[in-house]
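Biologist: Please take a close look at one part of this structure, its strands and their partners, and describe it for someone new to it.

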Amino acid sequence: MTDPNPQAPASDFIRDRIRADLEAGRVQQVVTRFPPEPNGYLHIGHAKAITLSFSVAKEFGGRCNLRLDDTNPAAEDQEYVDAIKADVRWLGFEWDAIYYAADYFEQIYAWAEVLVQKGLAYVDDQTAEQIAATRGTLTQPGTPSPCRDRPSPANLDLLRRMKAGEFADGEKVLRAKIDMAHPNLNMRDPVMYRIRHLHHQRTGDAWCIYPMYDWAHGQCDSIEGITHSLCTLEFEHHRPLYDWFCDNIGIYRPQQIEFARLNVEYMLTSKRKLLLLVEGGHVDGWDDPRLPTLRGLRRRGVPPQALVAFCKHVGVAKFNSTHEIGLFEYFVRDWLNKHAARRMAVLDPIQLVIDNWPRGADGQPIVEMVEAQNNPEDPTAGARQVPFSGELLIERDDFMEAPPKDFFRLAPGREVRLRYGYFVTCTGVDKDAAGNLVAVRCSYDPATKGGNAPDGRKVKATIHWVSKVHAIDAEVHLLEHLFTAADPAGADGGDFLKLLNPNSRRVVRGKLEPSLGAATAGDRFQFERLGYFCRDAADGQGAPRFLRTVSLKDSWQKAQQKGGAPKGTGPTGKPAGKKG
RNA sequence: UACCCCGUGGUGUAAUCGGUAGCACAGCAGGUUUUGGUCCUGUUGGUUCCUGGUUCGAGUCCAGGCGGGGUAACCA
């Protein structure tokens with residue numbers, strides 16, 4: 001929906017192939033699946049895989065399953081199963097069926113006996129170390145196990161005893177008998193079953209032998225009638241094995257098609273590295289808003305629609321590419337611009353006093369309500385009332401005592417518009433003994449209520465504000481990239497922990513317009529002229545917390561930086577441009 | 001130094017049966033604007049990795065190079 005070219009039918013090598021299969025009658029109905037292992041949380045890379053498999057099925061009138069690939073109880077947990085389901089749904093996808101690899105354990109085992117009986121699998125007594133040592137290397141063939149020619153009946157007996165729990169962990173494995181000299185190492189008698197006396201979150205203690213990925217995945221796909229088994233490039237070398245198992249068991253063989261995984265600048269999408277960040281305490285947890293986990297992105301306020309639009313836009317190919325972070329941000333802003341309600345917030349306040357503003361009998365400035373549109377992009381979003389008075393807070397950045405010629409915000413003698421309020425002209429400044437700016441003094445034009453001058457005169461700038469006495473406090477997190485390098489995994493010898501951005505989260509005390517006090521967790525807003533912010537579920541010290549999802553484009557700051565202005569960012573500033 | 005995959009403007013990604021390169025983002029320049037946002041318009045970038053070959057014609061086919069990525073868990 002936010003894809004700039006939604007009409008254009010998606011075209012890529014996978015869809016081309018599916019189309020061809022359909023036209024040739026090789027496939028009646030497309031069936032795909034998303035098969036995560038429940039041993040961690042989903043991240044933006046998974047979002048691409050999910051979007052692909054679910055979209056492809058939908059486009060061709062097919063089905064898509066969610067399958068939990070739970071063949072290794074040592075690493076998996078029910079908590080992850082629940083999280084995965086929630087995250088897929090958050091993205092907006094619904095599976096036609098949900099399956100678990102563990103539910104196929106009985107069938108998979110039966111097929112193992114078939115292979116043993118056909119003389120295509122054998123029980124190996126060697127240790128893991130011995131098996132690794134005899135596998136050979138990338139350039140040298142492996143050497144056969146002494147058990148390789150064990151007769152089929154003996155193998156069958158041993159396999160049954162393995163299953164019955166007669167052996168200890170690691171004592172024996174079942175191996176496929178293929179080719180120890182095969183150039184593809186995966187074909188050098190791969191392990192099919194290993195012994196693990198472990199409790200499985202789904203099958204309990206029913207099993208003590210668990211199938212390896214290769215000895216399960218293809219059969220799971222086959223059982224479910226998957227037509228196109230889409231996976232990432234690193235599984236390319238596994239395809240011959242995938243095919244070999246299906247063919248030698250004699251079952252339907254789905255076609256595995258590999259595509260390049262998603263890479264985005266400044267983001268890490270490796271379970272292992274993400275785990276290091278979380279367990280090392282470098283981030284607050286799996287839902288830290290600076291993480292590219294789906295939970296982190298959600299907490300940060302990234303709309304799932306934007307994420308999906310991004311995933312669709314990047315397309316699918318076999319080329320290992322890295323997308324600019326700017327493209328991701330474009331889709332986030334694009335959706336938020338149309339859907340997020342506008343509010344005013346001042347993150348680095350300086351006082352603005354209107355000297356000619358009327359005062360009441362008590363001597364205090366009177367309060368007037370002004371009407372503000374909730375979203376100029378969406379007339380149906382309505383309007384709200386915002387309290388305006390003679391003592392306001394404005395952004396420190398919006399005033400300069402000695403402005404350069406291209407600065408057209410507030411400055412001595414200058415007139416600007418206070419958004420939805422009045423035109424004000426700066427008449428002077430107040431400073432403390434040390435010479436620090438304390439307040440900007442202005443006079444206002446009563447005829448410009450709402451922000452329009454009856455005489456038609458123009459101002460060059462509109463600035464946002466909040467009423468000093470009405471503003472509510474907030475803890476605002478200005479989030480930037482977690483890393484200082486676009487490719488944290490590849491730069492600096494791969495030690496990405498050295499590349500953590502010390503400014504990835506700057507916490508400031510902001511002043512918000514009163515209506516924001518009613519915001520609840522997950523609510524997204526555009527703080528006018530600043531960026532998009534999301535109300536966090538957790539709160540700061542007694543004040544609501546808002547996280548910056550992404551800043552607004554800022555051509556003023558960009559021009560400043562280009563003009564050789566001091567680098568870095570001010571308290572309300574946006575992230576500095578890309579390094580090198 | 002084995003095997004597999006890949007190589008189109010800054011970044012990605014398109015281009016029906018081979019007919020002379022499109023789109024998005026980014027960049028630049030204008031316009032509009034009660035957000036220096038949005039929106040609109042225009043525009044700069046590509047010897048389609050190289051070299052040969054087939055062909056009237058190749059980004060698309062062939063051969064050979066070069067470059068990049070992947071692969072040696074009883075992980076997935």
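Modeller: Thr425 has Ser443 in β18 as its bridge partner. Strands here (E, at least two residues), like helices (H or I, at least four residues), are DSSP runs numbered from the N terminus, and two strands pair if DSSP finds at least two bridges between them. This is a predicted model, in which local features need pLDDT of at least 70 and side-chain atom pairs pLDDT 80 or more, while totals for chains, interfaces and linings use all residues. Residues are numbered from 1 along each chain as its sequence is written, chains are lettered from A and ligands numbered from 1 in the order written, and side-chain values use heavy atoms, without hydrogens and water.

Seven bridges pair β17 (residues 423-431) with β18 in the antiparallel sense. Five residues lie between the strands of this hairpin, where Gly435 has a positive phi near 90 degrees. Strand β18 (residues 437-444) is also joined to β12 (residues 349-354), by four bridges and in parallel. There, Arg441 in β18 stands opposite Val353. Strands of a sheet pair through backbone hydrogen bonds, either parallel or antiparallel.

Elsewhere, four strands form an open antiparallel sheet in the order β4-β5-β6-β7. Because β4 (121-124) and β7 (209-211) are edge strands with a single partner each, one side of each has no neighbour in the sheet. Strand β6 (residues 191-195) is joined to β7 by three bridges, and Tyr193 stands opposite Pro211 in β7. Helix α4 (residues 105-117) packs on this sheet and touches (heavy atoms within 4.5 Å) β4, β5 (173-176), β6 and β7.

Key:
Axes are lines fitted to C-alpha atoms, for helices over the stretch in contact, and angles run from 0 to 180 degrees between N-to-C directions.
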